[in-house]
Amino acid sequence: GKIDATILDAAYRQLDRSYDPKEGGFGNAPKFPRPATLNFLTYLAAKTTNLRLGTAVLVLPWHNPALLAEQAATLDLLSNGRFDFGIGKGYRWGEFHGFCIPMDEAEERYQETVVFLRKAWTTEGRFSYHGKYWHFDDVVVEPAPVQKPHPPLWVGAQSPNSIRYAAKNGFNLLLGQAGGPETVAEGVAIYRAVLMNKHAGG
């Protein structure tokens, strides 16, 4: 239905006031609609000053990585470094079918986009990139993000391999929605084991 801007503004002000940066949580947080994520968060960035803003998750294989890099960096700039980028490869067949993207390409497209994003955010000036699915010649991605080397990446993961990938690359972990406390504990244990091995020089 139609979203009343006055109601949204009041909700955003209440949300910003209820956020505690030290605790990373809220008091009486209002519920509000969630339209196109990055557009919505950019609007929210202008309405708040304390709240950290994040996606959970944005499915990378569906997006042009150069445009996505600029959109995410712009959000980080306008929010003065309050953006947390939650990313994932996706798992719903119907959504991939709608974008005419074979699901068996999801993992490769996801990995390729992560590589491009990190390169785009850490390269000064123009650069080229040639992968399996995306090719860019002599491009410049602007603006640069406020957070260095880039906004924190939170990886949506459920399988052991995906959890290990997040840990090996130093990404934060967003565990999948499936499973109970035991499943969550197993995922956290896998993540921590990889981190401990990295720190031990393994």
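The chain of this predicted model has an average pLDDT of 87, and 82% of its residues score at least 70. Here pLDDT is the predictor's confidence in each residue, on a scale from 0 to 100. Over residues 29-33 the pLDDT stays under 50, and the model has 12 contacts beyond four places in sequence for these residues; a contact means heavy atoms within 4.5 Å. Where pLDDT is low, the predicted coordinates should not be read in detail.

Because the model is predicted, local features need pLDDT of at least 70 and side-chain atom pairs count only at pLDDT 80 or more, while totals for chains, interfaces and linings use all residues. Residues are numbered from 1 along each chain as its sequence is written, and side-chain values use heavy atoms, with hydrogens and water left out.

The chain contains 7 helices and 9 strands. Helices (H or I, at least four residues) and strands (E, at least two) are DSSP runs, numbered from the N terminus. The chain has 202 residues, of which 38% count as buried. Buried means under 20% relative accessible area, exposed means over 50%, and partly exposed lies in between (1.4 Å probe, protein chains only). The accessible surface of the chain is about 11,800 Å², and carbon and sulfur atoms make up 53% of this surface. Accessible areas come from the Shrake-Rupley method with a 1.4 Å probe, and for residues only the protein chains shown count as cover. Among the contacts in the chain with a separation of 6 or more, 61% are between residues 24 or more positions apart.

The largest nonpolar core has 39 residues, and those with the most contacts inside it are Leu-60, Phe-85, Ile-87, Phe-116 and Trp-121. At least two residues of this core come from each of α2 (37-47), α3 (65-78), β5 (83-88), α5, β6 (127-130), β8 (153-157), α6 (160-168) and α7 (181-199). A nonpolar core is a set of buried Ala, Val, Leu, Ile, Met, Phe, Trp, Tyr and Cys residues joined through side-chain atoms within 4.5 Å. In soluble globular proteins, nonpolar side chains tend to be buried together.

Beyond four places in sequence, Leu-60 touches Leu-68, Phe-85, Ile-87, Gly-88, Tyr-110, Thr-113, Val-114 and Leu-117. One of these residues, Thr-113, belongs to helix α5 (residues 106-122). Thr-113 is buried, because its relative accessible area is 1%. Apart from neighbours within four places in sequence, Thr-113 contacts Leu-60 and Pro-65.

Leu-58 is located in strand β4 (residues 58-59). With a relative accessible area of 8%, Leu-58 is buried. When neighbours within four places in sequence are set aside, its contacts are Leu-38, His-63, Leu-68, Phe-85, Gly-86, Ile-87 and Gly-88. Of these, Gly-86 is 28 residues from Leu-58 in sequence, and the C-alpha to C-alpha distance between the two is 6.2 Å.

Strand β8 pairs with β5 in the parallel sense over 3 bridges; two strands pair if DSSP finds at least two bridges between them. In this arrangement, Leu-153 of β8 stands opposite Phe-85. The covered face of β8 consists of Leu-153, Val-155 and Ala-157, whereas Trp-154 and Gly-156 form the uncovered face. Strands β8 and β9 also run parallel, joined by 4 bridges, and Trp-154 has Asn-172 in β9 as its bridge partner. The chain passes from β8 through α6 to β9 in a right-handed β-α-β crossover. A crossover is right-handed if, with the strands pointing away from the viewer, the path from the first strand over the helix to the second runs clockwise.

In α6, the buried residues are Ser-162, Ile-163, Tyr-165, Ala-166 and Ala-167. Their cover includes α5, β8, β9 (172-175) and α7. Gly-170, which follows α6, has a positive phi near 75°.

Several backbone features occur in loops. A cis peptide bond, with omega about 0°, joins Ala-56 and Val-57, and Val-57 is in the loop between β3 (53-54) and β4. Lys-148 and Pro-149 are likewise joined by a cis peptide bond, with omega about 0°; Pro-149 is in the loop between β7 (135-139) and β8. Asn-80, a residue other than glycine, has a positive phi near 60°. Asn-80 is in the loop between α3 and β5 and counts as exposed because its relative accessibility is 63%. Cys-100 is not a glycine either, yet its phi is positive at about 60°. Cys-100 lies in the loop between α4 (93-98) and α5, and its relative accessible area of 68% makes it exposed.
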